[in-house]
Amino acid sequence: MTGEEVKELSKKYVLQSWSKQKALNPVPIEKADGIYMYDYDGKRYTDMSAQLVNLNVGFGNKEIADAIKEQVDKYCYLAPSYAVESRAELAKMIIDLLPDNFGKVFFTNAGADANENAIKIARMYTGRNKVLSRYRSYHGSSFGAGNLTGEPRRFPLEPGIPGFVKFFDPYIYREAIDFPSEEAATKFYLTKLEEQINYEGADSIAAIVLETITGSNGVIIPPKGYLPGVRALCDKYGIVMICDEVMAGWGRTGKMFAFENFDIKPDLVSFAKGVTCGYVQLGGVAVSSKIAEYFDEHLLSCGLTYSGHPLACAAGVACVNYYKDSNILEHVNEVGKVLGELLEELKEKHPCVGDVRYIGLFSSIELVKDKTTKEPLVEYGKDPKGVMGSLVGKLKEKGFMTYSHENMLFVNPPLIITEEQLREELVKMDEVLDVVDKEYI
């Protein structure tokens, strides 16, 4: 087909996520390699969001492709009850990467059902029913994961499931209180969280679920001592601590898992995205040895037809090996330092940039109308004039492909991006921010 035929068929027959369908104009992609995509006219686009922050190793990774082909020649599918080499090998690899308190993995299809099953496991293990999660969180859009989610994408699921309780993120930039230090902010947020635990009834709370670093709601990095403090509260009240590493895991922050930056050991870790980098869909829940042992004598009431799909697990084995063999973590830390410096330059230069947040190759640019008042460029949960969409469109015209959420633009490229490529692309962001300064504030 021609590119125009592909686009028109897509518009006619495909419902696209999170969009009003009528005005959609998807770019038809003919081929892709590394961090680049090419349309049918040969125009090059740079993937500066790693698609949905999952294509960590970029397009055309030969090691992963070859592993999938090899598994196809053996068999494409076996039910979860069979012992499968790629499934068993990947589970061991994941446990070996995690802290010494972890024991087993339950595989899922993606991040949403990873979080669904994580909360089911926590509730079965504790015998409690309530689950706490944060307002500026996204854990998926299926019914259980959508009730975990705190931001407006949960609204179509309401009225929601009883027992899902929200608390506020440690979002210092937008807090009404002017804290003298990160430690002071941490003390405030932990005090409020403990108060809420007691008001909800600590003995009714099964789990506290956190994106280790809040992702699509702004790359909100927890202040010093916050995650150890949450860990201590969980220990104090017998609550399971679940770290959602779907987006932040697999090298994105310069550590294999984001919680490693904060010296904690969760009880459960949900993952997806970067475990196969999207070559085949896969997610999972890693559970502590203590929780795994509980299910030696108690029924694990979780099940999926495609749990640990052999093709996906083969891709996962190759992907995790690639991270190690190619020194991806070292590369992320080197190039991530450059990203941070470039973002700070943009913040200094542009009146429209209120804040930049970054760790590794995980970053956001928060846009404001006024740096002093911090008035957001668009109101929370509302953008009737399509301002953010227009900015994404201006970036697309320059070949810089990313997405926005609320009043933020994201720079989360594949982890294989070079310093030279990063600098080339951030010039385009600089040019679009010039437009924002002149036309939107």
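Me: Helices here are DSSP runs of H or I with at least four residues, strands are DSSP runs of E with at least two, and both are numbered from the N terminus. Which residue follows helix 8, and what is its phi near?

Reply: This is a predicted model, where local features need pLDDT of at least 70 and side-chain atom pairs pLDDT 80 or more, while totals for chains, interfaces and linings use all residues. Residues count from 1 along each chain as its sequence is written, and side-chain values use heavy atoms, without hydrogens or water. Helix 8 covers residues 226-237. Next comes G238, with a positive phi near 70°.

Me: What covers the buried residues of helix 8?

Reply: Buried means under 20% relative accessible area, exposed over 50%, and partly exposed in between (1.4 Å probe, protein chains only). In helix 8 the buried residues include Y226, L233 and Y237. Their cover, by contact (heavy atoms within 4.5 Å), includes helix 7, strand 5, strand 6, strand 7 and strand 8.

Me: Which residues point one way from strand 5, and which the other way?

Reply: Side chains in a regular strand alternate between the two faces of the sheet. Strand 5 spans residues 130-134, and five of its five residues are buried. K130, L132 and R134 point one way; the other way point V131 and S133.

Me: Which residue in strand 6 stands opposite L132?

Reply: Strands pair if DSSP finds at least two bridges between them. Strand 5 and strand 6 run parallel, joined by four bridges. Within that pairing, L132 faces V165.

Me: Which residue in strand 7 stands opposite V131?

Reply: Strand 7 spans residues 205-211 and pairs with strand 5 in the parallel sense, over three bridges. There, V131 stands opposite A207.

Me: Is D430 buried or exposed, and what is its relative accessible area?

Reply: D430 lies in helix 13, residues 419-439. Leaving aside residues up to four places away in sequence, D430 touches L346, K349 and H350. D430 is buried, with a relative accessible area of 18%.

Technical notes. Expected span 1.5 Å × (residues − 1).
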